[in-house]
Amino acid sequence: MKPRTIFRVAWAGLVVALAACTASSGHVSSAAGEPAGRPGSVITVGSFDFPESVLLAEIYGEALAADKFPVRILPNLGPREVVDPALGDGLVQLVPEYAGSALEFFSLGRLSATSDAAAATRALAGSVAGRGLVAARPAPAQDANAIVVTAATAARYGLRSIADLARVAPGLVFGGPPECPGRAYCLPGLKRAYGLRFKAFIPLDAGGPLTRQALEAGYIGVALLFTTDPDIAARHLVVLADDRGLQPAENITPLVRRDAIARYGPHLAAVLNKVSALLGTGTLRDLDARVELAGQDPRLVAGSWLRAHRLIPAEGGAR
């Protein structure tokens, strides 16, 4: 199937699944007592299909639930091409996004973010406003695309930056998420900014174990991973410097439906902002390591971090 066909099928499936959601779909979190603000629909928090996004959905969702907002957390809904349209159509009410990539998506490629986090956030807020969405305060934490090779490959070809790939890319296979050929900051951006033309592209997963294993086994020579991936350091992989500034500021930024804020009041955004203020890049990498390297449940990791910062009750948590 072609990528666009896959996304259309996935979108149709998501619409059916979310339309049929009950308390048994995903998991519902709510503290005892009446929900904050006016009662109404459950706030559905969605995530993309990779571990860090699942973890972030748990962090923001559990924080809201502890403040007596009725919350349903639905992890692993799919790539941005599936999840963000669901947010725009009101099938989900909250998605922890990445500022630069979200801006490129919602502006249909007309606006490109820079490495200036404040400018990227302002542009994103303006871009989503007409779609009934509000960009909450961004976290200091960022997670951008990383172009990665093994230490052996870097030594063999003298690779230190992405620009260094230009002379060897025609002989190397590139691996990454299936949507990479259509993403401005993936293959199209590498071609535009660096003139890279690889021998072939192999669709794998979104910065996950398939990509890392393929890289280490030599099935691919270059991989797209994420800058907060704890496996990069653990496996002694080499991140090539983005010396031409292709990758934008990717601060974690919750996007929330304006009608949800209208229903529950400004305290909804205040809770999200409080969480974001405490979430730094190093913290996020450490939390990712607990999920991806130690194999801990994202729910438990999120709850432990929130309790440590007194964002949910010390005993019992939000459930």
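The following questions and answers explain how terms are applied to this predicted model.

The model is predicted, with local features needing pLDDT of at least 70 and side-chain atom pairs counting only at pLDDT 80 or more, while totals for chains, interfaces and linings use all residues. Residues are numbered from 1 along each chain as its sequence is written, and side-chain values use heavy atoms, with hydrogens and water left out.

Q: How many helices and strands does the protein chain have, and what makes a run count as one of them?
A: The protein chain has 13 helices and eleven strands. Helices are DSSP runs of H or I with at least four residues, strands are DSSP runs of E with at least two, and both are numbered from the N terminus.

Q: Why is Thr153 called buried?
A: A residue is buried under 20% relative accessible area, exposed over 50%, and partly exposed in between (1.4 Å probe, protein chains only). Thr153 has 16% relative accessibility and therefore counts as buried. Thr153 is found in helix H6 (residues 151–157). Of the 319 residues of the protein chain, 51% count as buried.

Q: Which residues are in contact with Thr153, leaving aside its neighbours within four places in sequence?
A: These are Leu159 and Gly221; contact means heavy atoms within 4.5 Å.

Q: What makes Cys180 and Cys186 a disulfide?
A: A disulfide is a pair of cysteine sulfur atoms within 2.5 Å. The S to S value for Cys180 and Cys186 is 1.6 Å, and a disulfide joins them. The structure holds one disulfide. Both Cys180 and Cys186 are buried.

Q: Why is the disulfide of Cys180 and Cys186 called left-handed?
A: The torsion about its S-S bond is about -80°, so the disulfide of Cys180 and Cys186 is left-handed.

Q: How do you know that strand S6 and strand S9 pair?
A: Two strands pair if DSSP finds at least two bridges between them. Strand S6 (residues 145–149) and strand S9 (residues 222–226) share four bridges, in the antiparallel sense. Asn145 stands opposite Phe226 in S9.

Q: What is the order of the open sheet of five strands, and why do S8 and S10 stand at the edges?
A: The order is S8-S7-S9-S6-S10, with mixed pairing. Strand S8 (200–203) and strand S10 (238–239) each have a single partner strand, so one side of each is left without a neighbour in the sheet. Helix H8 (residues 209–217) packs on this sheet, touching S6, strand S7 (173–176) and S9, and its direction makes about 145° with that of S9. For such angles, axes are lines fitted to C-alpha atoms, for helices over the stretch in contact, and values run from 0 to 180 degrees between N-to-C directions.

Q: How do you know that the buried residues of H8 line one face of the helix?
A: The buried residues of H8 are Thr211, Arg212, Ala214 and Leu215. Seen down the axis of H8, they fall within an arc of 165°, so they line one face. The arc is that of the directions from the helix axis to the C-beta atoms. These buried residues pack against S6, S7, S9, helix H9 (230–234) and helix H12 (281–292).

Q: Why is strand S4 described as largely enclosed by the rest of the structure?
A: Five of the five residues of S4 (residues 94–98) are buried, so the strand is largely enclosed. Leu94, Pro96 and Tyr98 are buried on one side, and Val95 and Glu97 on the other. In a regular strand the side chains alternate between the two faces of the sheet. S4 also pairs with strand S11 (residues 252–257) in the antiparallel sense over five bridges, and Leu94 stands opposite Val256 in S11.
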